[in-house]
Amino acid sequence: MDLIWDGIREAARLWWAGDAEIIEITLRTLAISSAATALALVIGIPVGAVLALRRFWGRGLLVAAVNTGMGMPPVVIGLLVALILWRTGPLGDLNLIYTPTAMVIAQLLLSLPLVVGFSLASIQSVNPRLIGQMWAMGANRWQVLWLLIRETRLGLLAAVMAGFGAAISEVGASMQVGGNLAGETRVLTTATVLETGRGNFEVAIALSLVLVVLAFLVNLVLTTVQQRRPVT
C-alpha cells in the first residue's frame, strides 16, 4: 500500500514541478492517439454507413470481419504492421518502422473496427422510413448522410470514445512498431512498462495516473457533448 501512495506522491511532484519529460511524453501520447482516432473516424463512419444501408454480396463476411477486429489482440496488429513496415517488408523503403507514423497506423487499425462497429449499429437503429422520406423529398447523398449523423450522434460519439480509448491504452503494438525510443516514440503506456521493468514502481504508478487522468479528461469532454440536450 505504501508503494501506491509513493506513486501518487511522485505523480503529484512531477505535475507540480512541470517535469519536461512527462509533458513531452504526454503530448506525444495525445498527438498519436488523436491522429489515429481522427483517421479511424474519417474512414470508419462512411464504411459503417455503407454496411448499414447497403445489401451486397459479401456484406456478412465484412460485418463478421469488423466484429472480429473489435476483439483483435493488439500484438497481432503490431506484428502485422511491423512485417509490412520492416526494412525487408512491402513498405520498408518508406522507413516508417520505429516512428510515430508507424504507431499511428497500428493504433488506427485497432480503433477502426470499433468505429465501424459502433457506426454500423447506430445507423442501423435509424428508422428506414425516415431515410426513405429524405430521398423522396429530393435530398442528395450528402444531405442524407448529414441527417444520419445528426440522428445517430450519441452512438457516433460513443464510437469516438471507444476508438480513442483503444488507441491511448494500447501498449503491445506501439512497442512493436515504435520501439519505445526516448524523445521519439515513447508514450505513456510504453514508458510505464519500461519503468516497471526497471523496478521504478513509483514512476510507473505516476505515469499510469497521468494516463488515466488524460483519458478521463478527454472522455469527460466527449461525454458532456454526448449528454447535452439538444435545443428545441
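This is a predicted model: local features need pLDDT of at least 70, side-chain atom pairs count only at pLDDT 80 or more; totals for chains, interfaces and linings use all residues.
Residues are numbered from 1 along each chain as its sequence is written, and side-chain values use heavy atoms, with hydrogens and water left out.

Visitor: How are helix 3 and helix 5 oriented to each other?
Guide: Helices here are DSSP runs (H or I, at least four residues) numbered from the N terminus, and angles run from 0 to 180 degrees between the N-to-C directions of axes fitted to C-alpha atoms over the stretch in contact. The axes of helix 3 (residues 59–69) and helix 5 (residues 100–124) come within 8 Å and cross at roughly 125°. Angles under 35 degrees count as roughly parallel, over 145 as roughly antiparallel, 65 to 115 as roughly perpendicular and the rest as oblique. The two helices, helix 3 and helix 5, are therefore oblique.

Visitor: Where is Asn95 found, and is Asn95 buried or exposed?
Guide: Asn95 lies in the loop between helix 4 (74–85) and helix 5, and has a positive phi of about 55° although it is not a glycine. Buried means under 20% relative accessible area, exposed over 50% and partly exposed in between (1.4 Å probe, protein chains only). With a relative accessibility of 54%, Asn95 therefore counts as exposed.

Visitor: What is the relative accessible area of Tyr98?
Guide: Tyr98 is found in the loop between helix 4 and helix 5, and its phi is positive, about 60°, although it is not a glycine. Tyr98 is partly exposed, its relative accessible area being 29%.
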